[in-house]
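Subject: Salt bridges in the model

Hello,

Here is the structure I promised to pass on to you. Please open it alongside this note, and my findings follow below.

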Amino acid sequence: MYKNKTIGIFSHLLVWITLFCLPYLLSYGQEQELDRVKAHFWIPLFFSTIIFYLNYFLLVDRFLFPKKMIQFIGINVVMIAFFLFLKEYIEDNYFQNIIKKRLENTERTGPPFKMAVYIQILSYMAPLLFSIALKTTQRWNKTEAERKEAINIKLKSELQHLHYQLQPHFFFNSLNNIYAMVDVSPDQAKTSIHSLSKLMRYMLYETNEEKVALTKEIDFMKKYIDLMKLRISDKTTVNYSFPSGETGIYIAPLLFISLIENAFKHGVSASKPGTIDIKMTCNDNRVIFAVENTNFPKKTDDKSGSGIGLQNLEKRLELLYPAKYKFKTLLKNERFSVRLEVATS
């Protein structure tokens with residue numbers, strides 16, 4: 001912030017110094033009459049500086065932006081008229097030689113007074129219009145920055161909501177699965193509770209960052225799959241394949257778990273055989289995650305899982321990876337498959 005202000009002040013000084021030296025730069029190598037420069041250039045430039053900064057720091061914000069147009073125009077008309085009068089007064093009282101030359105020129109070429117006044121008015125209008133343009137641009141930039149910041153805050157808030165929404169959903173589904181084991185296999189239920197505590201520890205303490213290492217997500221998914229395998233019968237075959245070793249990829253946390261949950265939710269039957277195939281591959285900075293499972297439609301009165309996971313996933317993908325992901329689902333021949341491809345950079 002301090003650096004930007006310093007650059008802004010330096011830029012203003014550079015502009016005014018350049019304008020101040022302009023007569024000498026344009027007439028380099030020629031004789032330049034100092035009184036003429038003072039009367040016709042430096043004095044109007046000084047008045048232009050006052051017009052510019054008075055509007056820039058005060059009048060535009062106080063009158064133009066609040067749409068007090070009459071006051072704004074009136075103040076500037078009075079100010080410009082005053083400077084026109086003041087310039088003539090200064091010339092009449094302090095630059096007599098300039099007046100004599102102007103009168104001599106008037107006798108030879110005719111009265112140029114009105115044209116000179118028009119030119120002076122236009123010269124004073126330039127800093128006025130420039131100050132308006134500059135303040136308007138700055139205001140637009142500030143408004144645009146505030147709009148983007150508001151959008152960013154909204155996106156972060158929505159992502160946080162989705163993240164907090166996913167945690168109880170995951171916990172609820174896992175508890176349902178463990179509850180089903182309590183009477184059938186108490187030892188497995190105890191093991192599952194211990195495994196669930198590890199998973200919840202990761203969800204609560206490791207996933208608050210915007211991105212986590214893909215290897216941590218893979219370890220989390222493996223533990224979840226092993227936990228889910230404890231409650232299914234031998235009729236369901238579960239196969240999974242993940243990249244081994246460090247991938248160097250960082251990704252939004254808990255992005256794939258909903259797809260695995262969905263596979264165990266719809267791909268398991270107590271009486272019929274089924275398979276669940278889970279595969280993840282990495283190609284440069286792209287992560288491809290595919291899940292295929294036998295599809296066993298749930299009854300309409302079965303509310304386990306509530307279907308919130310996939311909805312949550314699609315919303316998060318739109319917010320986190322706009323135009324950087326491909327998400328496809330297919331139901332064919334009693335097999336449901338889903339493929340998610342994410343470009344992480």
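First, a term for what comes later: buried means under 20% relative accessible area, exposed means over 50%, and partly exposed lies in between (1.4 Å probe, protein chains only). This is a predicted model, so local features need pLDDT of at least 70 and side-chain atom pairs count only at pLDDT 80 or more, while totals for chains, interfaces and linings use all residues. Residues are numbered from 1 along each chain as its sequence is written, and side-chain values use heavy atoms, with hydrogens and water left out.

Now to the charged pairs. Taking a salt bridge as a side-chain nitrogen of Lys or Arg within 4 Å of a carboxyl oxygen of Asp or Glu, the count is seven.

Asp277, Glu292 and Arg335 are joined in a salt-bridge network. One link runs from arginine 335 to aspartate 277, at 3.5 Å from N to O. Arginine 335 sits in strand β7 (residues 335-343) and aspartate 277 in strand β4 (residues 274-283), so this pair ties together parts 58 residues apart in sequence. Strands here are DSSP runs (E, at least two residues), numbered from the N terminus.

Arginine 335 also pairs with glutamate 292, with the closest N and O atoms 3.2 Å apart. Glutamate 292 belongs to strand β5 (residues 286-294), so its bridge to strand β7 connects parts 43 residues apart in sequence.

Another bridge joins arginine 339 and glutamate 341, at 3.1 Å between the closest N and O atoms. Arginine 339 is partly exposed at 38%, whereas glutamate 341 is buried at 11%.

Best wishes

Methods:
Helices (H or I, at least four residues) and strands (E, at least two) are DSSP runs, numbered from the N terminus.
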